[in-house]
Amino acid sequence: MRKVLLANALSILLCGVAHGDYAPNLPLDSELDRLLLRVSSRSGIDLPARYYLQPYTFADAETFFALLDSSTVAPELSSAESVLLERARRRFGHTKGLFAWEKSGSDLHLKINLDLLGDVRPSFDDSTALRLSGIARPSLAGNLGNLSFYSGIAVWTEYRSDTLFSRSTYQPRDGIAYNLYGRDTSSSVRSSDLPYGGVRYSAGRIEMETALDRLKCGPARFFPLTLSGHAPPITYFRGSIDLDIVDYQHIVGLLKVDKDKRKYLYLHRLSSDLWKRRIHFGVNEVIVYGNTTSEPVSDSNSVALAYRQNDRAIEWVYLIPMVPFKFVEHYAGDRDNAVISFDCSLSWPAGWRWYGEFFLDDMLAPWELFSGDWGNRWALTIGGVRFGRLRGCDLTVRAEYSRVEPWVY
């Protein structure tokens, strides 16, 4: 029976393989984000649908470029914008790379790339010191019809003349793990590697993917509140449903905080475009929980008995789409951290972009939210940006304000 079910599933998958987009996920790239935002604000071209819950895909970027090329109302690009767009097309197009191949007459593409970066930083503060670092980042991406995949690894080596690195603990909470060369317990040279990759399948209005990658949510540039995009990559599954008037995305992820304890992230997002697509509005709910602390080492650090050695697994109820997490959390025993956040972006007038995010961790009562009681925990980010030109040069003016009261998880 299992073999029959597996065969049926594979046949359904392969039947939909033809005529798909080259749509592997793009690594989070702040330079590309700024470029798309600038051109979109000045031209009115819609940003990729996944721009507010990244990563988005190669297909999203190529669609944006194609819309820009076919637009009859977009303003004339500046020299700098033209150069940056051409650079982005070469870097993120499926026909460019160290090696790019496609099978004639079929929807099969393969791309191999290699990014190299070197950095030299001398220091003359208290004494003369030197820091050398280098990063090699090979990557592979491709698609077979509607099935897209990507993988890569960032390998870096660092030397510091004034520092001795001890051996890594390999605990995620201590930062990215690294290796020392040889048998020494300390060294001025260390090396590390950080993998990423994933596979996604598109069935029209429904898409599914699983990946090891970074996540970013919301329109804020400097202080995004829900998912910043700066945390280490997490292993996750994401499902997306395009309901025309609204988009729904559901994420289940495994957070790496302690190598001996599991911690889970659940997020779903409902978003929509309003006022001739000038306004983008999103509502997010997040659940975070995991294995709790071990037995205390002393009475001064005691933990309630109910929370000792609490070994948690995936809660299936959080996998059900569309159900509000806050009510589900009560159903699951009221043991988890639940938050809700809202974000909004307004593109008006031409060349301007306004945005805001509100993050609500906990509150005593709605009418006491801003009372100053520490039981009300929230955060706010608001900002605006003006994209223009001044005496033939590109001009960007941005202001962003963020506030946390008194803290959030």
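Okay, quick definition before anything else: when I talk about a helix axis, I mean a line fitted to C-alpha atoms over the stretch in contact, and angles run from 0 to 180 degrees between N-to-C directions. And keep in mind that this is a predicted model.

So, let's start with helix α2, residues 30-43, and its neighbour α3. Their axes come within 12 Å and cross at roughly 30°, and the crossing is left-handed. Who's touching whom? On the α2 side you've got Leu-36, Val-39, Ser-40 and Ser-43, and they meet Phe-64, Phe-65 and Leu-68 of α3. That contact splits into five nonpolar residues and two polar ones, with no charged residues.

Now stay on α3, residues 58-70, and look over at α4, residues 79-92. Here the packing angle is about 140°, with the axes 10 Å apart. This crossing is left-handed as well. From α3 we have Phe-58, Glu-62, Phe-65, Leu-68 and Asp-69, and from α4 it's Leu-85, Ala-88, Arg-89, Arg-91 and Phe-92. Six of those are nonpolar, four are charged and none is polar.

Okay, on to cavities. There are two of 30 Å³ or more. The largest has a volume of about 60 Å³, and its lining includes Leu-37, Tyr-51, Tyr-52, Pro-219 and Arg-398. Overall, that lining is five nonpolar, one polar and two charged.

How values were computed:
Residues are numbered from 1 along each chain as its sequence is written. This is a predicted model: local features need pLDDT of at least 70, side-chain atom pairs count only at pLDDT 80 or more; totals for chains, interfaces and linings use all residues. Side-chain values use heavy atoms; hydrogens and water are left out. Helices (H or I, at least four residues) and strands (E, at least two) are DSSP runs, numbered from the N terminus. A crossing is left-handed if the near helix is turned anticlockwise from the far one by less than a right angle, and right-handed if clockwise. Contact means heavy atoms within 4.5 Å. Ala, Val, Leu, Ile, Met, Phe, Trp, Tyr, Cys and Pro count as nonpolar, Asp, Glu, Lys and Arg as charged, and the others, Gly among them, as polar. On a 1 Å grid over the protein atoms alone, a cavity is a set of points where a 1.4 Å probe fits but cannot get out, and a pocket is an open set with protein on both sides within 12 Å along at least five of seven lines; lining residues have an atom within 4 Å of a point. Grid points are joined across faces, edges and corners, and a volume is the space filled by probe spheres set on the points.
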